[in-house]
Amino acid sequence: MPTNLQSAEYDTVGQKRWVWPGFAIPGVVWLCLLFLVPFYAIFAIALGRIDPILLRPVPEWNPVYWDPTVFAEVAADLFGGQLGLVALRTIGYVFAASALCVLIGYPVAYFVSRKAGRWRWLWLLLILAPFWINYLMRMMSWVNLLSPDGQVNQILSFFGVSSFPDWLSGQHLVVILGLVYGYIPFFIVPLFAALDRIDDATLEASRDLGASNLQTFWRVTWPLSRNGVLGGLVIIMLPMFGDYYTPNLLSGSPRTRMLGNSIDQFINQTTSQGSRGAALTIVLMMFVAGLMAYYLVTINRAAEEARR
Amino acid sequence: MRNQWGKPRGLVLVTALYVLWSLIPVAIAIQFSFNAGRSRSTWQGFSTQWYVGDPEAASSVFYDPSLRSALNQSLKLAVLTMLVAAPLGVALAIGLARWRGRGAKPSNFLMLFPLVTPEIVMGVALFLVFDNLYDFVPFGTWAQFLGHVTFSVSFVVIIVRGRLFAIGRDYEEAAMDLGASPWEAMRRVLLPLLTPALVASFAIVFALSIDDFVISQFLIGGANSVTIPVRLYSGARLAPPPSLNALATVLMVVTIGAVVVAGLGYKALTRRFGGDDSALETVGRFEI
């Protein structure tokens, strides 16, 4: 037996060489069939044909026969049509909401990780709480507060305001604040982790060398937390770009339509527009490709570091 | 000189306001699930009618067919997903952590991809593939189940892999030096050491699945495959009775229960078997 362990058929832990891939194979096959193939199907449909009689999309699996007609229509709409406006609005909403997340989230994460003192665990629990409350429940709560006879208007009329806008129809600010409300916990928590990792000794050293509080922050804490900010931004921007439920719940008006709303409409609400929906999904992926790549590299690096 | 570690009042204020802003709307929604009247904005006294109320008097989570069916569908999907995704992910994690062959790198890459893909993209992809290629899979529970497993497997891999790296190979090698066969070493040394990660995986997959909205909605089959988040989405703008708040509250309690099980189980078992508990923090990062 022990002599076998040295042979080429076995690896260092004495398992046969095919054992480890054997463990991985069911998962890999699953992901090939239910992630890779579906992913490819987006392209096969977007660049496939439309059945002239049934008017439904026919996938074209062979790239040689891909037909760019639908994709060209979508591209034309993107540069100069309605879709261009929707895309610009999506970018505007995502950037505005992300900026607000940084402005509000940084002080919160900073306080809880470095200054919260004795009650730190309680603060931490409070900033983690929204994580485990369903996103739709949190949005539904705001729909309720902002409805015509809701608490927001009750408070406003208490202060003597008598006419209210319809908060839940086409208000850009409501949608942007809704996005902030929905995604900010996912920004704060990774940033908290990054700030938490900064060694107190580094900050003390900075102060011993004569830096003021503000200088210490700008020249030590902020640079050390920059990766946390970037990571948090990627985590919230990816789903925000594809969001459709937030504008639908908090507005539902064409004035606040985002890219995700168009995709949702083409896929979920009509039957024959699958290829337009697929083409739009490719457009969306072009928007977020950079974010996805950055995120992929970060997770991979974290795994490599854990391995060492 | 000023005390350098003095109380930062401005920061306390910002954080306190943030916490109030983030939690009060939900607290109000929970409060009104216990309202004695039909209003969701005027308090009329305490009642549990929207949870267990008589079907004649009011719609309640327990008796209203659409609410009850959403609860059943969510629980059914979460349990099914948990039973398949957790073992699949654990095996994948062990395989990927030890496999050094040619296919290892691409497989690892494939595993990471679902974590960085926006959910709407995965929803569209799965919808199109079930509609055009795997048309033997009916929309509804089956499609939703396959979708949920697909997006949760990678989370399991991340949890288990963190733990595998922390354990290292020394224990298994020691067991085999003492005469255990490779299989015995795995069954009697590695798997017990992995128990905390297994417990956490099951609970996290349950929470991920029951909380999911996008995939469930894209792969919906009919009225009886509506899950709780989908029901909240479709009902929120239609001036619903407080029973919708009650349904949301039930979902929240179940999710928090799963997370507490994950956390406590992980903590208790790591204490018993030793090791670090950084993997749960890792998962927090990816959870959206």
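Reader: What do you call H3(B) relative to H8(B), then, oblique or roughly antiparallel?

Author: Oblique: the angle is about 140 degrees, and roughly antiparallel is kept for angles over 145, so H3(B) counts as oblique to H8(B).

Reader: And which hand does the crossing of H3(B) and H8(B) have?

Author: H3(B) passes H8(B) in a right-handed crossing.

Reader: Which residues in H3(B) and H8(B) meet there?

Author: From H3(B) you have Ser74(B), Leu77(B), Ala78(B), Thr81(B), Met82(B), Ala85(B), Ala86(B), Gly89(B) and Val90(B). They meet Leu198(B), Ser201(B), Phe202(B), Val205(B), Phe206(B), Ser209(B) and Ile210(B) in H8(B). By class, that contact has eleven nonpolar residues, five polar ones and no charged ones.

Reader: OK, zooming out. How many helices and strands does chain B have?

Author: Twelve helices and zero strands. Along its principal axes, the C-alpha trace of chain B spans about 75 × 70 × 30 Å.

Reader: What share of chain B is buried?

Author: Buried residues are 50% of the 288 in chain B. As for contacts in chain B between residues at least 6 apart in sequence, 74% of them join residues at least 24 apart.

Reader: What ipTM does the predictor give the complex?

Author: An ipTM of 0.90, and a pTM of 0.90 as well.

Reader: And per residue, what's the average pLDDT of chain B?

Author: Chain B averages 86, with 91% of the residues scoring at least 70. Confidence in chain B is highest in helix H9 (residues 214-218), at a mean of 96, and lowest in helix H12 (residues 278-286), at 44.

Reader: Where in chain B is the pLDDT below 50?

Author: Over residues 276-288 of chain B. That stretch has 29 contacts in the model beyond near neighbours in sequence. Where pLDDT is low, the predicted coordinates should not be read in detail.

Reader: Noted. Now chain A: where does Leu83(A) lie?

Author: Leu83(A) is in helix H4 (residues 82-115) of chain A.

Reader: Why does Leu83(A) count as buried?

Author: Because Leu83(A) has 21 C-beta neighbours inside 10 Å, and 20 or more is the cut-off for buried. Setting aside neighbours within four places in sequence, Leu83(A) is in contact with Val74(A), Asp77(A), Leu78(A) and Ser262(A).

Reader: Last one: where is Arg255(A) found?

Author: In the loop between helix H11 (245-250) and helix H12 (259-269) of chain A. Arg255(A) has 13 C-beta neighbours inside 10 Å, so it counts as partly exposed.

Reader: And how far is Arg255(A) from Val29(A) in space?

Author: They are 43 Å apart, C-alpha to C-alpha, and 226 residues apart in sequence.

Terms used. Residues numbered from 1 in each chain as written. Chains lettered and ligands numbered in written order. Predicted model: local features only at pLDDT ≥ 70, side-chain atom pairs only at ≥ 80, totals over all residues. Helix = DSSP H or I, 4+ residues; strand = E, 2+ residues; numbered from the N terminus. Buried ≥ 20, exposed ≤ 12 C-beta atoms within 10 Å, placed from the backbone. Contact = placed C-beta atoms within 7 Å. Axes fitted to C-alpha atoms, helices over the stretch in contact; angles between N-to-C directions. Parallel < 35°, antiparallel > 145°, perpendicular 65-115°, else oblique. Left-handed = near helix turned anticlockwise from the far one by under 90°. Nonpolar A, V, L, I, M, F, W, Y, C, P; charged D, E, K, R; others polar. pLDDT = per-residue confidence, 0-100.
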